[in-house]
Amino acid sequence: MGVPRTARWPDLALDVAALRAAGHRPAPFQDVVLKVHQRCNLACDYCYVYTMADRSWRDRPPVMERATWLKAADRMAEHAAAHGSSTIRLVLHGGEPLLAGLDRLTALVGDFRARFTGDCRLDIQVQTNAVLLDTALLDLFRRQGVRVGVSLDGTAGDNDRRRRHADGRGSHAAVDRALRLLGSPAYREVFAGLLCTVDPSTDPLATYGALLAYGPPQVDLLIPHANWSTPPERDPAGSGTPHADWLIAVFDRWYDAPRQETGIRLFEDVIALVLGGSSRSEQVGLSPVAAVVVESDGSIELVDSLKSSYPGACFTGLTVFDDPFDAALDHPGVVARQIGVEALSPACRACPMHTVCGGGHYAHRYRAGAGYLNPSVYCADLGRLIRHVSSRVATDLRRLQA
Ligand code: SF4
């Protein structure tokens, strides 16, 4: 089963055959996100999987079966071989992936390692809330070279306001215990970094300091998922660009530090783009998005941040049992995220910042009835952040030339 060659995507009727004939070549998938467990042991109030438009998790098996991950491993290896990829990354995700348990994760990681013994290197990362992260799991991850990314929203008070158990208990104490383990000499080699969702109601420097306390090699600051139909929370009496204000406070602290305290991907991407380079994240820039999701039932889906848009936004009709990942490369929802400026709205194409901004995160452009062919709902914030970063970089460049 394949995707119809002219399948419709909400913003564009993409004629994939015509694009291919005109020379557009798909970027092979570099990241495969495996939904090893559909449920979560937390109930964060902003979670796009459980609190926004799409509720498809209810209809899927809670945990992935071995037959499904074995097929996914075959499809990954097939895809990497077909495209001559030297590396491909498996991201263990959920829900909360650690709910799958030590035995199942041991078998899963072992099966993937056994499938990738040839020329293509398999990188494996787990993205977790860390509540269940213990030495037994960390020993497995260290033994198998699995890197661990942890979600944390800053200080104990701020984190526990939004990242809570279903009964209202905060998660910070458990995550703090896990991060102390992860940052210890025994396990530090598997620490990939922290992921923090930006909340303008918090103190940005206190949040940054709370993240830095664990010595993360990398921090991802995520602008929360929102769109024109489900707009971000904003104080009507505020500046109008609260997310940019928050990010700029952290940027200035990070940029002015006498030595690099950690990597912050959003800032590094904006600096690279301002200087004519490319981005590594989905939040800015026009680089092709080369990620695909395998749900717990084996469905091949689009990147699941799109679940914040409308029910079924990630559906492709493909599964690892019936289809190669190459079939998903022709889905208009993948193509639209690999054709750069051609997928931007007229307003973004006319914007002088579009090569840096890239129209922002694709999910943030959605408007019910109009699809994704709009500027980001965070347009004003992105513009302010990019102007600020550009100005700081330009000042430094002038100083060098003086
Ligand atoms: S989202 Fe706004 S700042 Fe970004 S490219 Fe579009 S118009 Fe420009």
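Before any crossing, I note how axes are taken: they are lines fitted to C-alpha atoms, for helices over the stretch in contact, and angles run from 0 to 180 degrees between N-to-C directions. Helices (H or I, at least four residues) and strands (E, at least two) are DSSP runs, numbered from the N terminus.

I also note that this is a predicted model, where local features need pLDDT of at least 70 and side-chain atom pairs count only at pLDDT 80 or more, while totals for chains, interfaces and linings use all residues. Residues are numbered from 1 along each chain as its sequence is written.

**Entry 1: helix 9 and helix 14**

I looked up helix 9 (residues 265-274) against helix 14 and found that their axes come within 10 Å and cross at roughly 65°. That makes helix 9 roughly perpendicular to helix 14 (angles under 35 degrees count as roughly parallel, over 145 as roughly antiparallel, 65 to 115 as roughly perpendicular and the rest as oblique).

Who makes the contact between helix 9 and helix 14, I asked, or rather which residues? I listed Phe267, Val270, Ile271 and Val274 from helix 9, and Leu385, Ile386, Val389, Ser390 and Val393 from helix 14 (in contact means C-beta atoms, placed from the backbone, within 7 Å). By class I get eight nonpolar, one polar and no charged (Ala, Val, Leu, Ile, Met, Phe, Trp, Tyr, Cys and Pro count as nonpolar, Asp, Glu, Lys and Arg as charged, and the others, Gly among them, as polar).

**Entry 2: the ligand**

Helix 14 turned up again here: with three residues, helix 14 gives the most to the shell around the ligand. I find 13 residues around the ligand, the closest being Cys348, Cys351, Cys357, Pro375 and Cys379 (near means a C-beta atom, placed from the backbone, within 6 Å). Two or more residues each come from helix 12 (346-349), helix 13 (354-357) and helix 14 (379-401). The shell splits into eight nonpolar, five polar and no charged residues.

**Entry 3: helix 7 and helix 8**

Next I checked helix 7 (residues 204-212) and helix 8 (residues 242-256), whose axes come within 9 Å and cross at roughly 55°. So helix 7 is oblique to helix 8, and the crossing of helix 7 and helix 8 is right-handed. I wrote down Pro204, Leu205 and Tyr208 on the helix 7 side, with Trp246, Ala249, Val250 and Arg253 on the helix 8 side. Their classes are six nonpolar, no polar and one charged.

**Entry 4: helix 3 and helix 4**

For helix 3 (residues 102-115) and helix 4 (residues 135-144), I read axes that come within 11 Å and cross at roughly 5°. That makes helix 3 roughly parallel to helix 4. Leu102, Leu105, Thr106, Val109 and Arg113 of helix 3 meet Ala136, Leu137, Leu140 and Gln144 of helix 4. I count the classes as six nonpolar, two polar and one charged.

Most residues other than glycine have a negative phi, and most peptide bonds are trans. Glycine 94 and glycine 95 are joined by a cis peptide bond, with omega about 20°. I place glycine 95 in the loop between strand 2 (87-93) and helix 3. Alanine 130 has a positive phi, near 75°, and lies in the loop between strand 3 (121-128) and helix 4.

**Entry 5: the whole chain**

I end with 14 helices and 10 strands in the protein chain. The C-alpha trace spans about 60 × 55 × 45 Å along its principal axes.

Key:
A crossing is left-handed if the near helix is turned anticlockwise from the far one by less than a right angle, and right-handed if clockwise. Two residues are in contact if their C-beta atoms, placed from the backbone, lie within 7 Å.
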